[in-house]
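Work through these exercises with the structure open beside you. Try each task before reading its solution.

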Amino acid sequence: MSRAIRQLLMLALCVLPALASAQTMFRFPASQLADQCGNGGCTVSAYKDYGGRDYACGGVRYSGHTGTDYALVGGFSKMDYGVWAMNAARGYIESNVDGYYDRCNYWNQSNPYAACGLYTANYIIMRHPDNTQTWYWHLKAYTQQFARGTSLDCAYWIARVGSSGASTGPHLHFEYWVPGYGTDDPYAGSCGTPYTRWTSQGAYRGLPGIACQ
């Protein structure tokens with residue numbers, strides 16, 4: 001084998017793993033149709049907590065919060081109308097729970113296994129090609145559209161936003177998880193991570209864009 005061919009093979013071996021593990025980028029994880037989260041129908045109520053600050057050094061967070069909360073403007077009336085959570089990127093449904101009470105307006109801290117407790121949320125966890133996960137929490141009961149193990153392209157209606165589990169009102173808790181690290185933040189900012197994981201991050205307190213990767 002010539003030296004030139006060996007060099008080409010070595011280059012290919014170096015490049016292919018990098019391509020296979022390319023970072024998954026996300027779109028906004030809910031519908032932005034005009035009657036859904038569009039036209040001010042959803043708002044950021046809490047970002048990931050960085051010890052008293054959010055990713056942009058602001059105060060839109062609460063202690064220990066590990067994701068981003070998108071609240072329904074209009075509360076339970078908007079929830080009853082129906083707002084769809086959407087998978088933020090291509091992947092498959094790795095885990096899900098459904099059937100819990102979904103009209104919580106407080107966090108039941110006395111019993112995490114009771115209605116409105118920490119462990120009684122309806123949720124979907126998706127696994128993506130780069131092995132990261134996205135978590136969709138507090139979903140409305142009996143609205144999940146796909147079974148565990150289903151592979152989906154980006155931007156399917158996967159369930160309706162609800163208020164199940166430790167929830168003070170209807171909202172979607174969206175969380176980004178990295179193997180070997182844990183919960184990360186898709187938002188980039190001076191008090192957070194240096195690299196955004198959104199295809200279009202958008203303005204502070206605004207909603208990310210809806211373009212898929």
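## Exercise 1: A salt bridge within one loop

Asp 49 has a relative accessible area of 14%, so Asp 49 is buried. Keep in mind that this is a predicted model.

**Task.** Find the salt-bridge partner of Asp 49 and say where both residues lie.

**Solution.** 
- Step 1. Start from the general idea: side chains of opposite charge can pair when their charged atoms come close.
- Step 2. Look around Asp 49: its side chain meets that of Arg 61 in a salt bridge, at 3.0 Å from N to O.
- Step 3. Check the exposure of the partner. Arg 61 has 24% relative accessibility, so it counts as partly exposed.

## Exercise 2: The other salt bridges

**Task.** How many salt bridges does a search of the whole structure find? Describe the bridges made by Arg 103 and Arg 127.

**Solution.** 
- Step 1. The search finds three salt bridges.
- Step 2. Take Arg 103. It pairs with Asp 80, and their closest N and O atoms are 2.7 Å apart.
- Step 3. Locate this pair. Arg 103 is in the loop between strand 4 (91–97) and strand 5 (123–127), and Asp 80 is in helix 2 (residues 75–81), so the bridge ties together parts 23 residues apart in sequence.
- Step 4. Classify both ends. Arg 103 counts as partly exposed at 33% relative accessibility. Asp 80 also counts as partly exposed, at 42%.
- Step 5. Take Arg 127. Its partner is Glu 94, with the closest N and O atoms 3.1 Å apart.
- Step 6. Locate this pair too. Arg 127 belongs to strand 5 and Glu 94 to strand 4, so the bridge ties together parts 33 residues apart in sequence.
- Step 7. Classify both ends. Arg 127 is buried at 13% relative accessibility, whereas Glu 94 is partly exposed at 26%.

## Exercise 3: The largest pocket

**Task.** How much space lies in the largest pocket, and which element gives the largest share of its lining?

**Solution.** 
- Step 1. The largest pocket holds about 510 Å³ of space.
- Step 2. Find its centre. Among the 20 lining residues, Tyr 62, His 65, Leu 118, His 138 and Ala 166 are the closest to it.
- Step 3. Turn to the elements. Strand 6 (133–137) and strand 9 (171–178) are those that give two or more residues to the lining.
- Step 4. Pick the main contributor. Strand 9 gives the largest share, three residues.
- Step 5. Sort the lining by type: seven residues are nonpolar, eleven polar and two charged.

## Exercise 4: Aromatic rings

**Task.** How are the rings of Trp 84 and Trp 157 arranged? Which residues do ring pairs link into a cluster?

**Solution.** 
- Step 1. Begin with the total. The structure holds 17 aromatic pairs.
- Step 2. Compare the two rings. The centres of Trp 84 and Trp 157 are 5.2 Å apart and the planes meet at 10 degrees, so the pair is stacked.
- Step 3. Trp 84 is in strand 3 (residues 84–86) and Trp 157 in strand 8 (residues 157–160), so the pair ties together parts 73 residues apart in sequence.
- Step 4. Trp 84 is buried at 10%, while Trp 157 is partly exposed at 38%.
- Step 5. Trace the cluster. Ring pairs link Phe 26, Tyr 47, Tyr 55, Tyr 136, Phe 174, Tyr 176, Tyr 187, Trp 198 and Tyr 204.

Note on methods:
Residues numbered from 1 in each chain as written. Predicted model: local features only at pLDDT ≥ 70, side-chain atom pairs only at ≥ 80, totals over all residues. Heavy atoms only, no water. 1 Å grid on protein atoms, 1.4 Å probe; cavity = no way out; pocket = protein on both sides within 12 Å on 5 of 7 lines; lining within 4 Å. Points joined across faces, edges and corners; volume = space filled by probe spheres on them. Helix = DSSP H or I, 4+ residues; strand = E, 2+ residues; numbered from the N terminus. Nonpolar A, V, L, I, M, F, W, Y, C, P; charged D, E, K, R; others polar. Salt bridge = Lys/Arg side-chain N within 4 Å of Asp/Glu carboxyl O. Buried < 20%, exposed > 50% of the residue type's maximum accessible area, 1.4 Å probe, protein only. Phe/Tyr/Trp six-rings, centres within 6.5 Å; stacked < 30°, edge-to-face > 60°.
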